[in-house]
Amino acid sequence: MAEYTIKVRRYQPDGEDVPRGPYWQEFEVELDPTLSVLDGLLQARDRDDGSLAVRCSCRAAICGSCGVKVNGQSTLACLTQIGEAHERANRMNGNGEVTGGDSEQGELSPAGGNPIVIEPMGNMPVLKDLVVDMESTHWEKMRRVTPWLLDDGDPPERERIVEPEAMVDITQTIACIQCGACVSACLSMEADPDFIGPAALAKAYRFVGDPRDVETRERLYDLAQDPHGIYDCTHCFSCVDACPKGVAPMDQIMRLRRAAGEEKINDRNNGHRHEIAFTKIIRKKGTLDEAELLQESYAAGVGGKLKPSKRAIVGLAQSMPTAVRGIKSGKMRSIPKLIPGVHHKLPGDAQEHVQRIYEHAEEHKTELNLYITGEEEILENAQGDEPPEAAETGAPDDRMGGGAGSLPRTDLVGGGAPGTQATDGVPTDRTELVDEGGARPTDQADREDEER
Amino acid sequence: MPRALPTHDVLVIGAGLAGQRAALAAAAQGVSVGIVSKVHPVRSHSNAAQGGINAALNPGDSWESHAFDTIKGSDYLGDQDAIEIMCREAPEEILHLEHLGVPFHRNEEGKLGTRAFGGASQARTYYVADITGQAIMHVLYEQLMKHSADVERYEEWFCTSLAIDEGNRCVGAVMRNIRNGQMELFTAKNVILASGGNGQVWSPTTNALICTGDGIAMAYRIGAALMDMEMIQYHPTTLAKKGFLITEGARGEGAHLLNAKGERFMERYAPNKMELASRDVVSRAEQTEINEGRGFPDGTVALDITVVPRKRIHEALREIVLVGRDFAGVDITREPIHIKPGNHYTMGGVKTDINGATAVAGLYAAGEVACVSVHGGNRLGANSLLDTLIFGRRAGEHAAARAKRIEHGRPSNQTLEREERMVSEVVGRQHGSGRRVSEIRRELGETMDRHVSVFRDEEGIQTALEIVRRLKEEAASAYVDDRGAVFNQDVLGAIELGFMVDCAECSCVAALERKESRGAQFRTDFPQRDDEEWLKHIDLVPNGGGPEVAYSEVTLTKWEPQERTY
Amino acid sequence: MSAAAGKPMKLAYWPGCVSRGFTPELHGSMALVADRLEIELVTLDRANCSGAGVIAEHNQELADTLNARTFALAQETGLAMMNICSTCQGAQSECQERLDADSAYRAHINEALADEGISYEKDKAGFENKNFLWVLVEDYGLERLRALVTRPLSGLRVGPFYGCYVIRPRHRIGYEEHPERDLYLEYVIEALGGEPVEYDGARKCCGFPVITMNRDTSLRQAGTHVGDALDQGADCLVTPCPLCHLNLDMQQPEAAKVVNRDLGLGILHLPQLVGLALGFEPKQLGMNTHIASTRWVEERLGSQTAAA
């Protein structure tokens, strides 16, 4: 048992004898350091003030109710150990912001220094204390992405046959518990409240990645063209850090972008064009020529087959004041710098090697998803265990789904019925390095450009 | 100020799997449907069902085999007509879910794959990693969003009581909008209770804080009988301190149970099925090991998942890796984790027929709130999701059909006013006039866990009953701090406490009444099963201050009771 | 370990693209500062762009191979690798995570490097890839740095601006081993004698990644953070990321229009701030090439020099 001070951002819209607006209140709680911040809040509610409002139910990071900010980090209160939150708070001031170390790194202020700061989630209106209005934000955005399976309307008699990996893949997004922590943490949404946001876009991937959904291209087109869609994500990783379930919403957004690119969707936000231009420049030059990027990503294909969009022209015009200032200050060396081709090249044959890498990677386009494959070292069993190949738990007699396999443990079952251990679920091996091959739209565009 | 009452043909209370399935099924019949939940639907406790859902869908399996396993698991207290229906309809339901988009695990051929589960003679458990309940519930919620024109959702509304007419027919319910405190009388031709179990009556429990037996108590209060209330499942693998669940899927994947001496002790209790005997058997075995000094000093035994290949853990048991890491500080892929039996499931509940209809006209129940009874004395793992879906759908369809035949009823006068007065009375209680809600709740949980758990005897149950009756009195005057209207969780907590003590009283009375050992009820003073005397259900209806005991027959179709060994 | 008893350090150096393009003052000031710190930098001049996350979004294998090549070139030198760009750090760490997770994948990627006679080896002794900020705190040592300060930044109120990629995602950016990496800028500011300023945006996103896609979202972020720092009395911001610098400095006049307020806050590259404390003049450090004026910094340091 240890004592902690929790400092809670409160708001009581109709409380008696409390300030009208938001205010801070500290509670002293006493509990084991391995218990959670939620346990601390519930103790404060049970012992001191029953009006302290916080949504909670399962206490085990399954129901998604208790999204809050702890020391400024969006998370679940039930998943944050109070001892750890206390250590973190001790490196901070009382407002959940970092003040910096004392002098040397590693030096903590004495125990009991700063309170653990608990606030309602961000990017959503506060209803009371730690309870926010998810309906008008989170759920509204969720509904924006047509969050249900669009099938061909004619279910087969049995199940649809799909790749096992495809189901594991979308299990990552199905694992989302809709807690809103990622929405709370989203830095794009802070600047653009209309951004569809990490949770809803992860949900969108759940369908885009689902081979049973038949409107993949329509979904991608919709999300790419929306100025608040997939290209409005600022790639800050806040959602990845906030997510308590490993959904990694930003990774899903990047996969949506990749999929939209595969579908040759030229969005009016220039997202795809920017990506192509960037990739092309590195192929040509090895390092980034920002001036060329600026021009290419706005106006790729001028003189070629692609016409720049109206928005692209506006974008390029908007970037001109900045460019001119850059030239004046000496940041950009000259006006010609805005014209491609002046950038320095890699020495010797280095550029050729870079180009060879391009050829190799574009031939294979392997996508390694660690959610599906896991990390090798972690997956390797401790010594003495059976090799993975013999790992299935199925006993031959009772297997129903097929696949041979022996049950190394049968001798331990004490003469029992082998059927008790049967399963036809053959563990999915790490995804093969898939050779997809095939011509890609970007290659096409590159070639055309080079021919020109 | 006159207002249009929220009115529906079918009003579903509770939005977990049973409720959502019922609402979708009723809406498919073209009637007007409302679904109410005190939490956002995706917060419902169906989320916590990790391991999977049973169905005899594989070639070589049969519904009869599934039914027999279920009946044997129930220790022959399950009603066989209902079990037959559940097991026959299971395959179709799994396929329906697959078609809606549940990403069930596939085998190498891309077909639905299964895992082994306790008490089953075949591997017939379909699953999504170890988040099966969550995956299914989120997919059903996708369907609710899709069908939002057909199903009106009332999210974060709390039901305080069921409304009846002069003829004691259920004609609606009184709700409090949690966001603004507004009380409303909802009228409905039929009400389907799908509000879940009452695990919070015990502490610790695997159940969420919302599982306070609201529906069980509300139905009981208007005279619907409760059945099998003594049958409380203790799950064999829960974390010692917080009571969190480690899925039976872990043992399905091959994990071992070990005592402190490192022995696979299940050899002594269930030499054939070992760790995959039915839950009551495994929990008793563990408790015996612990009681006889072969457990660990923290009152636990160990679950060794390290024998499961890591790749398989990564794929199939991700969630419990997190549970171990985050809530016990244990890397389950590298070391055994300490577990013990913990409160998990209420086999009993509101007595219904095979269509979910209760003794009160217009009132249906499905899921854990209900007792059909398909689980009897002990529920098999991965049968609870199935129960919610099959009987949720059947209740929805039946209620919709009934709605087409009848007119709206008229709630008794003063129904809404009575509830508004009740809430005002709670809010108005003076500090110091009684105990804190949280204190009473804690004492209740600890009492039930001590005396009405894996092993019971008359003295213990009697002690518990006396305490519960005192707590019931105290609950009536427990005070609250919050006087506001917006998100007043304090006042809801006081109302929930009232539901909980009613449930607790019924469980004590039924456990005291059943003088034999069957399924989850093990009486050390009556250690044998007694089919002569006790192959029957205990039904409870309110009579004055407490429950009145009656009996009803167990429906047997083709399976005669036999000795039960695993 | 920290301080390293004053021994000279030698590191493979990846300057990134932007430090030699739009922000040449970063590369220049790093060279000056490294010399003063006795850190010998072996520039990886054959190495290529990290892809900045953009190439990974286009073709993950391509990004992984490009960075495997950079790592392999660094491993050829037998030295640990240092970068001066948060964005490179982030993109490279992401690729490294995948490369390290799977030997078959690594072998496949190394195939593409075989022509050049190089390969990336997991866990090669002595190899790691660190941002200058991390090197400074974890390897060089704040004490040793403090000892070299000839012009303490006394009275200079400096807002730290980390940039996303050296602080997120925590599991990939080494927080298990170094839980205080998101406090290092404050440590460095203090070690140099300056005063860290708390403001809302220190760990937020500058908005650069969407500047060509959603200009308003991008500039609103930059403008808001600069404004917040101003409101908290900052004299300047310091960042270990040249891309943040672009959005916070070069775009600052545009950002000011979007957030509809006057800004005008100097944005320093990390080596510039260190350089000032080590006695270099602002102009030597290229501060005159910035768009947003750094005159407050110069005034503070000037008056302090005058007082001394």
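A:Lys128 and B:Asp482 are joined in the predicted model by a salt bridge in which the closest N and O atoms lie 2.5 Å apart. A salt bridge is counted where a side-chain nitrogen of Lys or Arg is within 4 Å of a carboxyl oxygen of Asp or Glu. Between chain A and chain B there are 9 salt bridges. Residues are numbered from 1 along each chain as its sequence is written, and chains are lettered from A, and ligands numbered from 1, in the order in which they are written. As the model is predicted, local features need pLDDT of at least 70 and side-chain atom pairs count only at pLDDT 80 or more, while totals for chains, interfaces and linings use all residues; side-chain values use heavy atoms, with hydrogens and water left out.

The interface of chain A and chain B also holds 47 residue pairs in polar contact, both residues being at pLDDT 80 or more. A polar contact is a pair of N or O atoms within 3.5 Å; within protein, one must be able to donate a hydrogen and the other to accept it, and residues adjacent in sequence count only if both atoms are side-chain atoms. On the side of chain A that touches chain B, several elements supply at least two residues each, among them α1 (37-47), β6 (126-128) and α3 (135-144). Helices (H or I, at least four residues) and strands (E, at least two) are DSSP runs, numbered from the N terminus. The most residues on this side, 6, come from α4(A). By class, this side of chain A has 50 nonpolar, 24 polar and 33 charged residues. Here Ala, Val, Leu, Ile, Met, Phe, Trp, Tyr, Cys and Pro count as nonpolar, Asp, Glu, Lys and Arg as charged, and the others, Gly among them, as polar.

In total, 107 residues from chain A and 97 residues from chain B take part in the contact, where contact means heavy atoms within 4.5 Å. The two chains bury about 8,000 Å² between them, and carbon and sulfur atoms give 50% of this area. Buried area is the accessible area (1.4 Å probe) that two parts lose on being put together, summed over both.

Chain A also meets chain C, with 86 residues of chain A in contact with 92 residues of chain C. The area buried between chain C and chain A is about 7,900 Å², with 55% of it on carbon and sulfur atoms. This interface has 5 salt bridges. In one salt bridge, the side chains of A:Arg88 and C:Asp182 meet at 2.7 Å, N to O. There are 25 residue pairs in polar contact across the interface of chain C and chain A, both residues being at pLDDT 80 or more. On the side of chain C that touches chain A, helix α3 (residues 60-77) of chain C gives the most, with 6 residues. That side is made up of 36 nonpolar, 22 polar and 34 charged residues.

Pockets and cavities were found on a 1 Å grid over the protein atoms alone: a cavity is a set of points where a 1.4 Å probe fits but cannot get out, a pocket is an open set with protein on both sides within 12 Å along at least five of seven lines, and lining residues have an atom within 4 Å of a point. Grid points are joined across faces, edges and corners, and a volume is the space filled by probe spheres set on the points. The second largest pocket holds about 1,600 Å³ of space. Its lining has 48 residues, and those closest to its centre are A:Leu42, A:Asp46, A:Arg59, B:Gln200 and B:Leu209. Helix α1(A) gives the most to this lining, with 6 residues.

The largest cavity has a volume of about 680 Å³. Among its 47 lining residues, B:His45, B:Ser46, B:Gly196, B:Gly197 and B:Glu368 lie nearest its centre. The lining divides into 21 nonpolar, 20 polar and 6 charged residues. The second largest cavity, of about 530 Å³, is lined by 38 residues, with A:His274, C:Phe208, C:Pro209, C:Ile211 and C:Leu243 nearest its centre. Helix α10(C) provides the largest share of this lining, 5 residues.

In the backbone of chain B, the peptide bond from B:Ser203 to B:Pro204 is cis, with omega near 0 degrees. B:Pro204 is placed in the loop between β9 (183-193) and α5 of chain B.
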